[in-house]
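Colleague: I would like a close look at a single part of this model. Please keep it brisk.

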Amino acid sequence: MTYKTILAHLDGGPTGTQTLQIADQLAARFDAHLVAVYGTEWPMFAMAAMDPAAGDLLRYQIEAEESARATARAQIAAVESATGRPIEWREIRADLAYSLAVHACHADL
């Protein structure tokens with residue numbers, strides 16, 4: 001069996017580099033295209049309209065998400081630099097589980 005597209009989910013966590021390294025090894029083995037999909041659950045913006053104190057929590061969540069996104073991009077850059085192979089970046093800004101499932105339907109692994 002051969003694979004043409006391999007999908008790896010990144011969330012900006014500490015295991016992202018290892019996930020990408022394993023996915024990249026498989027992509028190299030099968031001469032496949034590697035796609036990294038970044039996604040985390042987005043905060044509920046409507047909650048800020050209901051509770052004035054929620055604005056601070058919302059800002060904190062947005063800052064944490066921006067930091068996680070930057071970490072995921074750095075992980076991709078590190079693996080690309082080490083291997084010399086490109087990794088496609090995709091970003092989910094919608095329902096994470098559903099969106100990952102849609103992206104997975106278009107990948108072999």
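Colleague: Which elements do the buried residues of H1 pack against?

Modeller: First, the ground rules. This is a predicted model, in which local features need pLDDT of at least 70, side-chain atom pairs count only at pLDDT 80 or more, and totals for chains, interfaces and linings use all residues. Numbering runs from 1 along each chain as its sequence is written, and side-chain values use heavy atoms, with hydrogens and water left out.

Now the overall layout. The protein has four helices and three strands. These are DSSP runs, numbered from the N terminus: helices are H or I with at least four residues, strands are E with at least two. Along the sequence the pattern reads β-α-β-α-α-β-α. The C-alpha trace spans about 55 × 30 × 15 Å along its principal axes.

Next, the lead-in to H1. A loop joins strand E1 (5-10) to helix H1 (16-30), and Gly-13 is found there. Gly-13 is buried, at a relative accessible area of 15%. Buried means under 20% relative accessible area, exposed over 50%, and partly exposed in between (1.4 Å probe, protein chains only). The C-alpha atom of Gly-13 is 6.9 Å from that of Ala-68, although 55 residues separate the two along the chain.

Then the helix itself. H1 has 15 residues, which at 1.5 Å a residue should span 21 Å. The expected span is 1.5 Å times one less than the number of residues. The end C-alpha atoms of H1 are 21 Å apart, which agrees.

Its buried residues are Gly-16, Leu-20, Ala-23, Asp-24 and Ala-27. Seen down the axis of H1, they fall within an arc of 105°, so they line one face of the helix. The arc is that of the directions from the helix axis to the C-beta atoms.

That brings us to your question. The buried residues of H1 pack against E1, strand E2 (33-38) and helix H3 (54-83). Contact here means heavy atoms within 4.5 Å. On the face turned away from the buried side, H1 carries the exposed residues Gln-25 and Arg-29. Just after H1, Asp-31 takes a positive phi of about 50°.

Last, the wider setting. Of the 109 residues of the protein, 35% count as buried. Among contacts with a separation of 6 or more, 71% come from residues 24 or more positions apart.
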